[in-house]
Every structure is written in C-alpha cells, then in structure tokens.
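Subject: A structure for you to explore

Hi there,

Here is the structure I promised to pass on. Please open it up and have a look around before you read my notes.

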Amino acid sequence: MPHTQRILKTCLGLLALLGGLPLAAQEFDKKDPQWRLDEEQRATGLINQQHDFSPIDEAFALNEAALLRTYYGRAKARQFGYPRWNTPEEVQKTQYTEEQRRELNLEVERRALERLRQMPGLPRFVGDRFALLAIMGGQDIARRADLTTLRAIGDDDCIVQLGRFLFDSRNPEVTGPIPPGHLGLGVPSAIKYDVAGALHAVLRERPGLAAEIKAAGTRPGWYERAQSWWLENPEAAPYRRKLADLGVVLPPGYPPLAELKGAKTVLTPTPLPHWCQVLRDFELTPHSGLFLMALFGIVLVLVLGLAAPSSSL
C-alpha cells in the first residue's frame, strides 16, 4: 500500500506540474491549423483591398486568440498592404503609399490588440501553455511568441504570469552555461532572462510602477532589478498574492515567497521523479495536451484500481 500511495502522489504531482493546460486549452483556439491559414488569407485580402477589418472581430467572437496574435504580429511587422500574389490583378488591387501602408498596419495592430485585451482568461491560458513549453525541446520560438503576447496585453494578469516564470532557469535548447544578462539575439537563453525582458517592457508602460527599473533601463543588473522588484517591492505584493491564488506549481528553484504559505500555488516538489524527464523530448502538437491528460488519467485510474481493497464473492 505505501508503494501504491507513492505512485499515486507522483501521478497527481505530475498532473499539477502540467498546470491544467489540456483543460484550459479548450477555451481558446478550437479551430484546426488549416482553417486558420485559410482564414488568414481571406482576412488579408479583405483588409488589403477593402479596408474591411471584420475578420478581426470574427476571430474574437470565435475565441481564436492564435489568429488575433497572427494579425497583431503581422501588423507590428508592417506586413499588411502588400499583394498576396505577384499578379497584375493583385498588384492593381493593392496600391498604397508608404504612409498609407503604415496607417493600415497601425489600424490592424490597434484592433487586434484591443480584441486580445478583451479576452478574459487569455493571460492564464498563455501562462499554462508556457509552463508546458518550458519542459519541451524545440519550442524556443513558441515560448518567445507567448512572451510577446503577454508583453503586448500588459495588464495585471500578465504581470502575474511573468512573475510566475521570473526565476525559471530551464530551457531544453540551452546546452551550455549562460552568463548573467545574456541577450544574444535569436540565441536560446534561460527562460528567466526572456521573461525578465518582457516584464521590463510591461512595467515601463505602467505609470506609477517600478521607478527604479524605468530609470536604470537595461544597464548591467537589469535582471537582478526585476527580481528585486518582484520579491521585495511593496508595489509587487498584489501581484504576488494573485500568483499565490492561481493554484499552479511554480518552476524548479522558485524562492519560497511568504505569500505561498498555505496558498493554492505551490513550489515544485524536489526531487522530481527521474522518469518525468521524458517530457523534455515530447513533441508539442495541437493535440498533445489532450493526449497527456488522457494518458495520465488512464494511469491514475489504474493506480486507484490497484489501491482499492479487493472483495471476495
């Protein structure tokens, strides 16, 4: 029986470690990837040729955060206002001056971001997905895309999610030691550095917060200043309390916050079972979260069955 109880605790701990992602994932992005590609092409034509921004509102109505993120990212990179295909008809339909193209992209960017900010629960959804991405190889670009989303929305819930990963030293893409303050463009780095950069950007846009961080900018010690603000500054206390109420498992190495005493949110159990490391090699797909939940659900049922007292007829 003690052995069975240990197995049961391990299964429950691993389910908690996944942060409830497979369940939360049902709230957003239910359409398949091919639908999004087709819809993006349709939306591009309408926006470029007719200044019709209705696809942005349609994506919002469908809770398609991934599509809104795509519109926002493309507009931020000033990609709207160009022909989709290099044909005379398409070129003739898409005639813009540089100023007109800039204004078109600014409008798409504004509308998409406004809709992203109107999606309740999106920062938590992004944070839960980030927790799973943190233990998987080949996902460095996806992790940074999620941080871009949190940075763009920039509300209180986003600050909480960034604080959630501010001490996360993991990254399966990193094969060697990373010097403090590493900022190599396009080079994998410990997650905490990317998160701290996003937190810096959010705080700089928030009036009345983090005056020391704003004054110092990115001078040496920028990461330590972000840590210090989160752990010690009274301004961060409301965000730490929100994190304590989330009910998630924090990354390995997270400092024991006073707010965590008796809270729903807990620190990562130490040490983790060795076999949990197989998750590092798991390939993330749109259905992998559901697969993980189904797999560990089956394991849990089997363990409970073994633990149940047998009855004789």
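Below is what I found in it.

First, some ground rules: this is a predicted model, in which local features need pLDDT of at least 70 and side-chain atom pairs count only at pLDDT 80 or more, while totals for chains, interfaces and linings use all residues. Residues are numbered from 1 along each chain as its sequence is written, and side-chain values use heavy atoms, leaving out hydrogens and water.

Let's start with the largest nonpolar core, which has 63 residues. Such a core is a set of buried Ala, Val, Leu, Ile, Met, Phe, Trp, Tyr and Cys residues joined through side-chain atoms within 4.5 Å; buried means under 20% relative accessible area, with a 1.4 Å probe and protein chains only. Helix H11 (residues 191-204) gives the most to this core, eight residues. Helices here are DSSP runs (H or I, at least four residues), numbered from the N terminus. Leu166 is among the residues with the most contacts inside the core. Its partners include Val195, Leu199 and Trp230, where contact means heavy atoms within 4.5 Å.

Next, look at helix H9 (residues 140-153) and helix H10 (residues 156-164). Leu147, Leu150 and Ile153 in H9 meet Cys158, Gln161 and Leu162 in H10.

Finally, find Arg129 in helix H8 (residues 122-133). Arg129 is buried, at 18% relative accessible area. Its side chain makes a polar contact with the side chain of Asp146 at 2.8 Å; that term means a pair of N or O atoms within 3.5 Å, one able to donate a hydrogen and the other to accept it within protein, and residues adjacent in sequence count only if both atoms are side-chain atoms.

Happy exploring!

Terms used
Helices (H or I, at least four residues) and strands (E, at least two) are DSSP runs, numbered from the N terminus. Buried means under 20% relative accessible area, exposed over 50%, partly exposed in between (1.4 Å probe, protein chains only). Lists of a residue's contacts leave out its neighbours within four places in sequence.
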